[in-house]
Amino acid sequence: MIEACNTIDGLDEFITLCEEHKKEMNTAAVRQLYRDQDFDCYYCLHFSRRNGCKYQVCPFTPDKVCCGCASLALALRFMAVEINNSRLTKRVNLYISGWRAKKKNMMMFVDDQHQSVFYSHYPRLYHENAKLIAAVYLLSADKDLWNCVWRYVNSNDISFSRIKPKDMLPETYTLLCVAKDLYLNTRHFSIAELADPIVIDPIRFRLIVNAMGIRRYGYSFLQCRVGDMS
């Protein structure tokens, strides 16, 4: 259930939240117990035909993500509510409404090349290691960055200490730093900085919040529906 929480200021605090929820949920068990139709609002105690749902964001979103029946928009909106940062929530909602205005599906990857590179390495990765999957997702989004780091990515580890960035563009270095934050629990960026369009451009923001979604929900996040804006 969605509970009121203190505002999360940094990715290190966000990771602590992720680890707390990871202990509470057995993804495999949820997948075996529930099907898509089991999450129909008609069966929910918080929903009435007259007044609708009393929550702005479905409190069972993590379970829906685990079962592969959540939309990308819903998963990100739920994550923003948990983080409880008004600037991040506003930018996530603008991100979602932007795709709705275009009448196009939301995109998990920046382009076809990003998707191809990620999934070519994904089978070799330990899928239960959410921080590894999230970091690889970000690192593979930029061709120059991936060429610099791929040799240091193993099946269950990334040797960030061996990565020596040289002549990187600011946008590329941003992805590297956020990948480090999600993987090593460092604090190069605050939540407020990630929500600032002057600091993080729209493309990088989309990639970062998707990586945060992977870190929050695990590999199941990659199976979220991109065509549903609910």
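Here is a walk through the structure above, from its overall layout to a few residues inside it.

Keep in mind that this is a predicted model: local features need pLDDT of at least 70, side-chain atom pairs count only at pLDDT 80 or more, and totals for chains, interfaces and linings use all residues. Residues are numbered from 1 along each chain as its sequence is written, and side-chain values use heavy atoms, with hydrogens and water left out.

Let's start with the big picture. The chain has 11 helices and 2 strands; helices (H or I, at least four residues) and strands (E, at least two) are DSSP runs, numbered from the N terminus. Of the 230 residues, 48% are buried, where buried means under 20% relative accessible area, exposed over 50%, and partly exposed in between (1.4 Å probe, protein chains only). Now look at contacts, meaning heavy atoms within 4.5 Å. Among those between residues at least 6 apart in sequence, 68% join residues at least 24 apart.

Next, the rings. A pair of aromatic rings is described by the distance of the centres and the angle of the planes. Here, rings of Phe, Tyr and Trp (its six-membered ring) pair if their centres lie within 6.5 Å; planes under 30 degrees apart count as stacked, over 60 as edge-to-face and the rest as tilted. That rule gives 10 aromatic pairs. One of them is Phe-160 with Tyr-183, a tilted pair at 5.5 Å centre to centre with 50 degrees between the planes. Phe-160 sits in the loop between α8 (143–149) and α9 (170–184) while Tyr-183 belongs to helix α9, so the pair ties together parts 23 residues apart in sequence. Phe-160 is buried at 5% relative accessible area, and Tyr-183 counts as buried too, at 9%. Compare Tyr-217 and Phe-221: their ring centres are 6.0 Å apart and their planes at 5 degrees, so this pair is stacked. Both of these residues are buried. There's also an aromatic cluster made of Phe-109, Phe-118, Tyr-119, Tyr-122 and Tyr-137.

Stay in the loop between α8 and α9, and you'll also find Ile-158. Ile-158 is buried at 3% relative accessibility, and its contacts beyond four places in sequence include Leu-139, Tyr-152 and Tyr-183. Over in helix α9 is Leu-176, buried with a relative accessible area of 0%. Leaving out residues up to four places away in sequence, Leu-176 touches Leu-139, Leu-145, Phe-160, Pro-165 and Met-168. Leu-176 and Trp-146 are 30 residues apart in sequence, with their C-alpha atoms 9.6 Å apart in space.
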